Amino acid sequence: MAAATSPQKKRGAAVHNPFAGSPESESEREALARRSGIREVVFGVQDGLLTTMGLTTGVATATAGAAVAHTTILIAGLAGALAGMVSMGTGAYLAGCAERDLKRAAIHKERGELQSQPLEEHREMVGILMERGVPAATAEELSRSLAQYPQLWEETHIEKELGISSGPHESPVRDGLVMAATFLIGAVIPIVPYIVASGLGAVIGSLLLSAVVLVWVNAVS
Ligand SMILES: [Zn+2]
């Protein structure tokens, strides 16, 4: 444990780093985040749209010709949209919570192991490096060097061994809100034609508008 005292100093030491905050790595990360954000939005909109389209078309077909049909379709569509929004939003929130808890537990366990069995963890890292084609002697050396920097050591174990990002945790509340909002946006689309028109015109308008939005949404994602 000779290295136990020095890492703390190294961690805080201000080393001149010409690559710090490189605009390239920044924009790549942002681009990736944006892509996954777009996918989230598309999924919510599609889900809301398809659910309500099925519902309004079904009710419109079933009640065709009835005097109260128009209001019935609107109420059914809006009720479906709200129910779906709540259920999908809650689902996304709970899934986010479960994922976050799982990740936290795995990181916590790994941290404990790094403290309690440093030698096993060193061997593990050597194995991981060798699996990736690093020769044994270099792997030994690399692992020892990494272990000098506690934060990097921990991150490397978490990322290479558990295959998860050690970065900031996801926000389940945000996941839930994004899902709820995007579902509602999608769900409102097939309902709009029933507000401005009625009868067969509204049914066709709703299907057409839904199809156009679905194609457009798929094109931008
Ligand atoms: Zn480990």
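Reply: Happy to! One term to start with: a nonpolar core is a set of buried Ala, Val, Leu, Ile, Met, Phe, Trp, Tyr and Cys residues joined through C-beta atoms within 7 Å. Please keep in mind that this is a predicted model.

In the largest nonpolar core there are 21 residues, and those touching the most other members are Met85, Met88, Ala180, Phe183, Leu184 and Ala187. Two or more residues each come from helix H2 (23-62), H3, helix H7 (172-188) and helix H9 (199-220). H3 gives the largest share, six residues. Take methionine 85 as an example: leaving aside residues up to four places away in sequence, its contacts are Ala180, Phe183, Leu184 and Ala187.

Now for the helix, H4, which covers residues 118-131. With 14 residues at 1.5 Å a residue, H4 should span 20 Å, and because its end C-alpha atoms are 20 Å apart, the two values agree. Which residues of H4 are buried? They are Glu121, Met125, Val126 and Leu129. Looking down the axis of H4, these buried residues fall within an arc of 145 degrees, so they line one face of the helix. In general, an α-helix has 3.6 residues a turn, so residues three or four places apart point the same way.

The buried residues of H4 pack against helix H3 (69-116), helix H5 (136-147) and helix H6 (150-161). On the face of H4 turned away from its buried side you will find the exposed residues Leu119, Glu120 and Glu131. After H4 comes glycine 133, with a positive phi near 95 degrees.

How values were computed
Residues are numbered from 1 along each chain as its sequence is written. This is a predicted model: local features need pLDDT of at least 70, side-chain atom pairs count only at pLDDT 80 or more; totals for chains, interfaces and linings use all residues. Helices (H or I, at least four residues) and strands (E, at least two) are DSSP runs, numbered from the N terminus. The expected span of a helix is 1.5 Å times one less than its number of residues. A residue is buried if 20 or more other C-beta atoms lie within 10 Å of its own, exposed if 12 or fewer, and partly exposed in between; C-beta atoms are placed from the backbone. The arc is that of the directions from the helix axis to the C-beta atoms. Two residues are in contact if their C-beta atoms, placed from the backbone, lie within 7 Å.
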